[in-house]
Amino acid sequence: MPGTVLLLAASPVGRGCLVDAASVLPVLAAVAPPVLSGTETANVVELADPLEPQAVLTRLRAAATAPGPLTMFVTGQLQLDRRQRLPHLALARTTPATVRYTAFPWRWVADELRLRPPGSTTVFVDLHADTDTWEFLAGRPLTAGPSTELYGRVAPPPSRRTVAQPAYMRAVATLLRSGHRPSPAQLHQQALTRISGEENARPGAADLVLAPGRAWAGQPWPPAPEFTTVTAPPHAPAHPPHPPVPPPVPSAPSVSVPSVPPAPSVQLPGQAGRRSGPVSPDPHEEITAAVRDGRHDDAFALAARWEREALRKHGSGSEPVLHWMEVRADLAMFAGDAERSCRGWLALAANRLDAGQAPGAPEVESAVDRAHHQWGRIDDPARARELGAELARLRQRVPGRREGALDHVRRQLSQLQTQT
């Protein structure tokens, strides 16, 4: 099956530019498409210094819905918007005052890639951060979604009046120009080795290195003023207005996909026949269409059917079953059913633990964090008390990476005891 490659290089024009992002595109473009993709044939889409966030979103969405493996190479700089304090990929017209209107929200990357099957998506990034974003990322490492392999680095701000070079991405491109396509992990490590001398000689903080298993795995447990969830209802407005009109919440994809480790050798239900014979419909696409049309019950029933099929073929605790459990938990969230979503995440976390996964495994932590977040949205005190007790027991085994999670549950439960 042909692969898809998206080459994206973006940085502001003028004094706000931190990195010469577009300089790496000729080197990447010189690599044969099959080598870029790791497939026999590939379609390559190139975006050089795009002007509009919606143009980037359109190309990303098309790449995300294409069949076959997807590989992205993203070079540029990150800046925070002043209102929500969330990282954005700065585009050609971006200034510190207009990030929210002219830059591309990084969370849209994770949103658009969430429906893709695990193991089918790889993202390489070479990003530079301004001072505010660098401090932000110290506590919230960058992610591209739970089912995406993210490799690369985020570099600290360069010296004043200096435009940095995308050394990591240039090393990736140079290695690929040999015609040999190592595994993503090997390619990442080889690129880091090539630039180690240059980076060690550079003054200042060391880069934030991104690789599967090293990035922050879960969402924050309580709703917090500075936090916006990675996922959002699918019918949020897609086009942010121009200043000074207050912008709506950015568009998000229709549905979430599981936080399972990439496992190309594991076939989800319906995937076995894709390599030969008639191509069967992708259930994720059907679910996406149902959610976009507001047919949440249909989407949930379809995911439940595929979960039963996975259970019949692979057994309880298998990755395909866990995959569909997570899809159903996310579908409940999109439908606004916090109770059902919380129950789904709690069940998923318990099943992962019963299957022998460690309490500190990213997928286990992520499931508990999401259950915690949805629990905080349950309006019915009796149901909240019931699920809060279960969440507290689970938090004793899976405290997560944010301090005070168990204490937060206990405090909330104490308050709920006073409500009728």
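The structure is a predicted model, in which local features need pLDDT of at least 70 and side-chain atom pairs count only at pLDDT 80 or more, while totals for chains, interfaces and linings use all residues. Residues are numbered from 1 along each chain as its sequence is written, and side-chain values use heavy atoms, with hydrogens and water left out.

The secondary structure of the protein chain comprises 15 helices and eight strands; helices (H or I, at least four residues) and strands (E, at least two) are DSSP runs, numbered from the N terminus. Of its 420 residues, 54% count as buried, where buried means under 20% relative accessible area, exposed over 50%, and partly exposed in between (1.4 Å probe, protein chains only). The chain exposes about 18400 Å², and carbon and sulfur atoms supply 52% of this area. Accessible areas come from the Shrake-Rupley method with a 1.4 Å probe, and for residues only the protein chains shown count as cover. Among contacts (heavy atoms within 4.5 Å) between residues at least 6 apart in sequence, 73% join residues at least 24 apart.

The largest nonpolar core has 40 residues. A nonpolar core is a set of buried Ala, Val, Leu, Ile, Met, Phe, Trp, Tyr and Cys residues joined through side-chain atoms within 4.5 Å. The residues with the most contacts inside this core are Ile287, Trp324, Leu331, Cys342, Leu346, Trp375 and Ile378. Two or more residues are given to this core by each of α9 (283-292), α10 (296-314), α11 (319-334), α12 (338-354), α13 (362-375), α14 (381-397) and α15 (405-417). Apart from this core lies another, of 33 residues, among them Leu47, Leu60, Met72 and Leu127. In soluble globular proteins, nonpolar side chains tend to be buried together.

Beyond its neighbours within four places in sequence, tryptophan 375 is in contact with Cys342, Ala384, Leu387, Gly388, Leu391, Val409, Gln412, Leu413 and Leu416. Cysteine 342 has a relative accessible area of 0% and therefore counts as buried. Cysteine 17 is also buried, at 15%. A search of the whole structure finds zero disulfides, a disulfide being a pair of cysteine sulfur atoms within 2.5 Å.

Alanine 329 is found in helix α11 and is buried, with a relative accessible area of 1%. With neighbours within four places in sequence left aside, alanine 329 is in contact with Ser341, Gly344 and Trp345. Glutamine 374 is 45 residues from alanine 329 along the chain, and their C-alpha atoms are separated by 10.0 Å.

Strand β7 (residues 149-155) is largely enclosed by the rest of the structure, because seven of its seven residues are buried. Glu149, Tyr151, Arg153 and Ala155 lie on one side of β7, with Leu150, Gly152 and Val154 on the other, and both faces are covered. Seven bridges join β7 to strand β6 (residues 121-129), and the two run parallel; strands pair if DSSP finds at least two bridges between them. Valine 123 stands opposite leucine 150 in β7.

Serine 37 is placed in helix α2 (residues 33-37) and is buried, with a relative accessible area of 6%. Its side chain is joined to that of threonine 39 by a polar contact of 2.9 Å. A polar contact is a pair of N or O atoms within 3.5 Å; within protein, one must be able to donate a hydrogen and the other to accept it, and residues adjacent in sequence count only if both atoms are side-chain atoms.

The loop between β2 (42-48) and α3 (53-65) contains glutamate 52, which is partly exposed at a relative accessible area of 36%. The side chain of glutamate 52 makes a polar contact of 2.7 Å with the side chain of arginine 93. These two residues are 41 apart in sequence and 8.2 Å apart in space, C-alpha to C-alpha. Aspartate 49 lies in the loop between β2 and α3 and has a positive phi of about 50° although it is not a glycine. Arginine 85, in the loop between β3 (70-80) and β4 (87-89), has a positive phi of about 60°. Most residues other than glycine have a negative phi. Aspartate 49 is partly exposed, at 30%, and arginine 85 is partly exposed, at 35%.
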